[in-house]
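Subject: Structure for your review

Dear colleague,

Please find below the sequence and structure that I am handing over to you. My notes on it follow.

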Amino acid sequence: MDTLTPKQRSERMSRVRNRDTKPELRVRRLVSAMGYRYRLQYKKVPGRPDLAFPGRKKAIFVHGCFWHRHPDPTCPLARVPKSRLDFWMPKLEGNRVRDLRKLQELHALGWSALVIWECQLRDEDALRVSIREFLDAPPRPPAPTSGVPAWKNATPL
């Protein structure tokens, strides 16, 4: 049972953005201040990463803990909705499976990806270290394309 009227729900959902979110803007400011230059919403690779570094073949995804099902059990932002579970659980699980599939497609092209979760933005110093280590690491070779894709074996949370 939804606690909001259809009009209220529509208004609330219309405020949810898929780009230029506050967590993404914080990461962009941080990466820029560190001296790195990047492309936004790079459409030439799978998953359209939030930040892409084509010369390095690296991508950064900034995931909201709720929308992308952060697997950390201690994350307070990755809560399960209390109402309309029949709607929300397949939707959120679909997001998670799609994310895994796009990461695998990206790796198959020889790209490396870093997923930054919304809750990780609390510790900016640790975030800065992990971003620098990720971007300064040597590029990785393309992943082998044999076997069953990892996203097909994904278990529900």
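A nonpolar core is taken here as a set of buried Ala, Val, Leu, Ile, Met, Phe, Trp, Tyr and Cys residues joined through side-chain atoms within 4.5 Å. Please bear in mind that this is a predicted model.

In that sense, the largest nonpolar core has 16 residues, and those with the most contacts inside it are Val 27, Val 31, Phe 53, Ile 60, Ile 116 and Ile 131. At least two residues of this core come from each of helix H2 (22-33), strand S2 (51-53), strand S3 (58-63), strand S4 (112-117) and helix H4 (124-136). H4 provides the largest share, 4 residues. A second, separate core comprises 8 residues, among them Val 45, Ala 59, Leu 106 and Trp 111.

Leaving aside neighbours within four places in sequence, Ile 116 is in contact with Val 27, Ile 60, Phe 61, Val 62, His 63, Leu 121, Leu 127 and Ile 131.

Turning to the sheet, the 4 strands form an open arrangement in the order S1-S2-S3-S4, with mixed pairing. Strand S1 (39-40) and S4 are at the edges and have a single partner strand each, so one side of each is left without a neighbour in the sheet. S3 and S4 run parallel and are joined by 6 bridges. Ile 60 stands opposite Leu 114 in S4.

The helices pack as follows. Helix H3 (residues 85-108) lies across S3 and S4, at about 150 degrees to S4. H4 lies across S2, S3 and S4 and runs at about 170 degrees to S4. The axes of H2 and H4 come within 11 Å and cross at roughly 60 degrees, and this crossing is right-handed. In H2, the residues Arg 26, Val 27, Leu 30 and Val 31 meet Glu 124, Leu 127, Arg 128 and Ile 131 in H4. By class, this contact has 5 nonpolar, no polar and 3 charged residues.

One loop position also deserves a note. Leu 77 is found in the loop between S3 and H3. Is Leu 77 buried, exposed or partly exposed? Its relative accessible area is 31%, and Leu 77 is therefore partly exposed, given that buried means under 20% and exposed over 50%. Leu 77 and Glu 118 are 41 residues apart in sequence, yet 8.1 Å apart in space, C-alpha to C-alpha. Apart from neighbours within four places in sequence, Leu 77 is in contact with Cys 65, Phe 66, Glu 118, Cys 119 and Arg 122.

With kind regards

Terms used:
Residues numbered from 1 in each chain as written. Predicted model: local features only at pLDDT ≥ 70, side-chain atom pairs only at ≥ 80, totals over all residues. Heavy atoms only, no water. Buried < 20%, exposed > 50% of the residue type's maximum accessible area, 1.4 Å probe, protein only. Contact = heavy atoms within 4.5 Å. Axes fitted to C-alpha atoms, helices over the stretch in contact; angles between N-to-C directions. Left-handed = near helix turned anticlockwise from the far one by under 90°. Nonpolar A, V, L, I, M, F, W, Y, C, P; charged D, E, K, R; others polar. Pairing = 2+ DSSP bridges.
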